[in-house]
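Please go through the briefing below with the sequence and the model open beside it.

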Amino acid sequence: MANSLRGEVMNLYKNLLYLGREYPKGADYFRSRLKAAFLKNKDVKDPEKIKELIARGEFVIKELEALYYLRKYRAMKQRYYDKDKK
């Protein structure tokens, strides 16, 4: 059971690393925090607990994507709509 979850955990880590490249505080900051979070839970053996942690990681992915979309939206809004106010 744990081996089947290992692939999910590895994919989650890779996805988070990819998303961390655009993190506002920098990729190195994000990478160190991500590594610390995964190392903190490396000894978890219970499949249910692992599934909960994976679900939390997927939630973080959704939050990061929302952060990036909001940042892009704000940049576009500044480019096109703030000129009218001046």
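**Salt bridges and the model behind them**

Asp-28 is exposed, its relative accessible area being 56%, where exposed means over 50% relative accessible area, buried under 20% and partly exposed in between, with a 1.4 Å probe and protein chains only. The model is predicted, so local features need pLDDT of at least 70 and side-chain atom pairs count only at pLDDT 80 or more, whereas totals for chains, interfaces and linings use all residues. Residues are numbered from 1 along each chain as its sequence is written, and side-chain values use heavy atoms, with hydrogens and water left out.

- The count of salt bridges comes to 2, a salt bridge being a side-chain nitrogen of Lys or Arg within 4 Å of a carboxyl oxygen of Asp or Glu.
- Asp-28 is paired in a salt bridge with Arg-31, and the closest N and O atoms are 2.8 Å apart; Arg-31, at 41% relative accessible area, is partly exposed.
- Both Arg-31 and Asp-28 belong to helix α2, where they are 3 residues apart, about one turn of the helix; helices (H or I, at least four residues) and strands (E, at least two) are DSSP runs numbered from the N terminus.
- An α-helix has 3.6 residues a turn, so residues three or four places apart point the same way.
- Glu-22 and Arg-71 form a salt bridge in which the closest N and O atoms are 3.6 Å apart.
- Because Glu-22 lies in the loop between α1 and α2 while Arg-71 lies in helix α3, this pair ties together parts that are 49 residues apart in sequence.
- Glu-22 is partly exposed at a relative accessible area of 36%, and Arg-71 is likewise partly exposed, at 38%.

**The nonpolar core**

- The largest nonpolar core has 8 residues in all, namely Leu-12, Leu-16, Leu-19, Phe-30, Leu-34, Ile-61, Leu-64 and Tyr-68; such a core is a set of buried Ala, Val, Leu, Ile, Met, Phe, Trp, Tyr and Cys residues joined through side-chain atoms within 4.5 Å.
- At least two residues of this core come from each of α1 (2-19), α2 (27-40) and α3 (47-80).
- Leu-19 is in contact (heavy atoms within 4.5 Å) with Ile-61, Leu-64, Glu-65 and Tyr-68, once its neighbours within four places in sequence are left aside.
- Leu-34, found in helix α2, is buried with a relative accessible area of 9%, and it touches Tyr-13, Leu-16 and Leu-17 when residues up to four places away in sequence are not counted.
- Leu-34 and Leu-17 are 17 residues apart in sequence, and their C-alpha atoms are 7.8 Å apart in space.
- Tyr-68, which lies in helix α3, is buried with a relative accessible area of 6%, and beyond residues up to four places away in sequence it touches Leu-19, Gly-20, Glu-22, Tyr-23 and Pro-24.

**Helix α3**

- The 34 residues of α3 should span 50 Å at 1.5 Å a residue, and its end C-alpha atoms are 50 Å apart, which agrees; the expected span is 1.5 Å times one less than the number of residues in the helix.
- The buried residues of α3 are Ile-50, Leu-53, Ile-54, Gly-57, Ile-61, Leu-64 and Tyr-68.
- Tyr-68 and Glu-58 are 10 residues apart in sequence and 15 Å apart in space, C-alpha to C-alpha.

**Aromatic pairs**

- The whole structure holds 3 aromatic pairs, for which rings of Phe, Tyr and Trp (its six-membered ring) must have centres within 6.5 Å, with planes under 30 degrees apart counted as stacked, over 60 as edge-to-face and the rest as tilted.
- Tyr-23 and Tyr-29 have ring centres 6.1 Å apart and planes at 15 degrees, so this pair is stacked.
- Tyr-23 and Phe-30 have ring centres 5.1 Å apart and planes at 45 degrees, so this pair is tilted.
- Tyr-23, Tyr-29 and Phe-30 form one aromatic cluster, in which Tyr-23 is partly exposed at 24% relative accessible area, Tyr-29 is partly exposed at 30% and Phe-30 is buried at 12%.

**Record annotation**

- The unreviewed UniProt entry places the feature "domain: Complex 1 LYR protein" at residues 8-61; UniProt positions are given in the numbering used here, feature names are shortened, and annotations may be inferred rather than shown by experiment.
- Over residues 8-61 the chain is 76% helix and 0% strand, with its end C-alpha atoms 14 Å apart.
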